[in-house]
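My notes are below, in the order I made them.

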Amino acid sequence: MNVEDIISSGLLELYVAGLASEAEKQQVNTWRKQYPEVEIELQAIEIALEKYAFAHAVAPAASVKEKLIEKINFQPVDTTTPVFDINENKRKKTSTVFWKWGFAASVILFLGSLLLNLKFYNHSKKAEADLKSTKQKLESVVAQTKVLKEDIAVIQNKYTMAVSLSAQPTMPGATAKIYWITNTGEVMVDASNLPDAPAGKQYQFWAIVDGKPVSGGLLITNNKGMKIRMQKMKSFGSADAFAISLENEGGNPTPTKVVSMGAVSKI
Amino acid sequence: MSSIQKYTEDELVRLLQSRNREAFSYLYNNYSGALHGIIVRLTDNNVLAEDILQEVFLKIWNNISSYDATKGRLFTWMMKIARNLTIDTFRSKGYKKQQKIVTDENFVSNYNDGTSNEKFDSIGISKNLAVLKPEQRLIIDMAYFGGYTQEEISKQTGLPLGTVKTRMRAAILQLRKLLT
């Protein structure tokens, strides 16, 4: 069917007037897209009927327009649903989402804090232990320092006279130092250089006063594995020399085996 | 066509779709008369017609986004809304039996006695319409305004189906000649 035939068929008039069947409507819809002439013809028919309707126009009362303007919602919302409901739904949705995320966030925070707590707890445990061991170390250092201070005080004392005892052929390497505080007569022995006494034997300290050995007490060289540095002996007002001998445990009234000896230098 | 053309049809539709208040006012001022005329002819009751007209404009406003210009002119679309809403009102309300029958009779009788022509003499253009044969006008009115099917027109007028078709085409061709 060519365009002229379509236009003269009378179908377009029926179509616009609303008398076409469904099949005919489909046909015309296809044609109007296909042929611009058909579209123009349809428009012309529509305009003719439109003018016909305008020719029969009847003006409605002015109140109709006023009522209409009141009823019409000029807001740019293309729905009959009240605006309030839309907002309500949106808010509910947002708030549900908020609580969901809020819950998730709080769980994460809780787990995070749990981990941190555990970490901090371990840290504090370790710190506590460290502190304890440090305290112990410090205490022992303080104690050592106190001993050393006392030792140094002895050495620094202006009345102190140092006497070096030299090893005798009976025991090579058996040296010791004597600190004799001349104004008080106190005698300190640094026996740290003496070899450990053999089992069943003990060192004994002697002062040679007027050519005769006088016992100054027994020496301890080993106290549970620790070397004793300075040991306080009996006091002597005067002495020519000092000596250390190796005796059977418990000591002896007279020295039997002198291992180290030194004379007091006379000023 | 009453007032000065301010918008093209495309512009008007676009403005209505963006819910422009002035465009609605323009639409009402320009088309309410023609649409009301159709409703009045179908109802023969001015008060009822005005109620329906209001509903028609509300429906136009709320459904303007569904108007498709490729399927016909704006007035054709609005006219169908007016027609269908009027027929629906008849069907849903108590008017049903009484008014529909009255309308049917009016369509046939008005054109036979020829009195209705005088109604439109005040509108210049209507004089030209008098040149249309009453049976041509009847067939246009029943189909275009009344939404009657070919079979219904055939039944109402007693014309064979084929005659309804040829008379329809002849009537519209005559109308075009008169109005353009």
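**Entry 1: ground rules.** I am working with a predicted model, in which local features need pLDDT of at least 70 and side-chain atom pairs count only at pLDDT 80 or more, while totals for chains, interfaces and linings use all residues. Residues are numbered from 1 along each chain as its sequence is written, chains are lettered from A and ligands numbered from 1 in the order in which they are written, and side-chain values use heavy atoms, with hydrogens and water left out.

**Entry 2: the interface.** I looked up how many residues of chain B are in contact with chain A. I found 58 residues of chain B in contact with 47 residues of chain A; contact means heavy atoms within 4.5 Å. The area buried between the two chains is about 4,800 Å², and carbon and sulfur atoms give 64% of that. Buried area is the accessible area (1.4 Å probe) that two parts lose on being put together, summed over both.

Entry 3: I noted five salt bridges between chain B and chain A. A salt bridge is a side-chain nitrogen of Lys or Arg within 4 Å of a carboxyl oxygen of Asp or Glu. I also looked up the side chains of E41(A) and R176(B), which meet in a salt bridge at 2.6 Å, N to O.

**Entry 4: who supplies the surface.** On the side of chain B that touches chain A, α2(B) gives the largest share, 15 residues. Helices here are DSSP runs (H or I, at least four residues), numbered from the N terminus. By class I have 29 nonpolar, 17 polar and twelve charged residues on that side. Ala, Val, Leu, Ile, Met, Phe, Trp, Tyr, Cys and Pro count as nonpolar, Asp, Glu, Lys and Arg as charged, and the others, Gly among them, as polar.

**Entry 5: α7(B) and α9(B).** I found α7 (residues 134-145) and α9 (residues 161-179) of chain B packed at about 100°, with axes 9 Å apart. Axes are lines fitted to C-alpha atoms, for helices over the stretch in contact, and angles run from 0 to 180 degrees between N-to-C directions. The two helices are therefore roughly perpendicular (65 to 115 degrees). Their contact includes I139(B) of α7(B) and L175(B) of α9(B). Its residues divide into nine nonpolar, two polar and two charged.

**Entry 6: α1(B) and α2(B).** Helix α1 (residues 9-17) of chain B packs on α2(B) at about 130°, with axes 9 Å apart. That makes the pair oblique, the class left after under 35 (roughly parallel), over 145 (roughly antiparallel) and the perpendicular range. I listed L12(B) among the α1(B) residues and F24(B) among those of α2(B) that meet.
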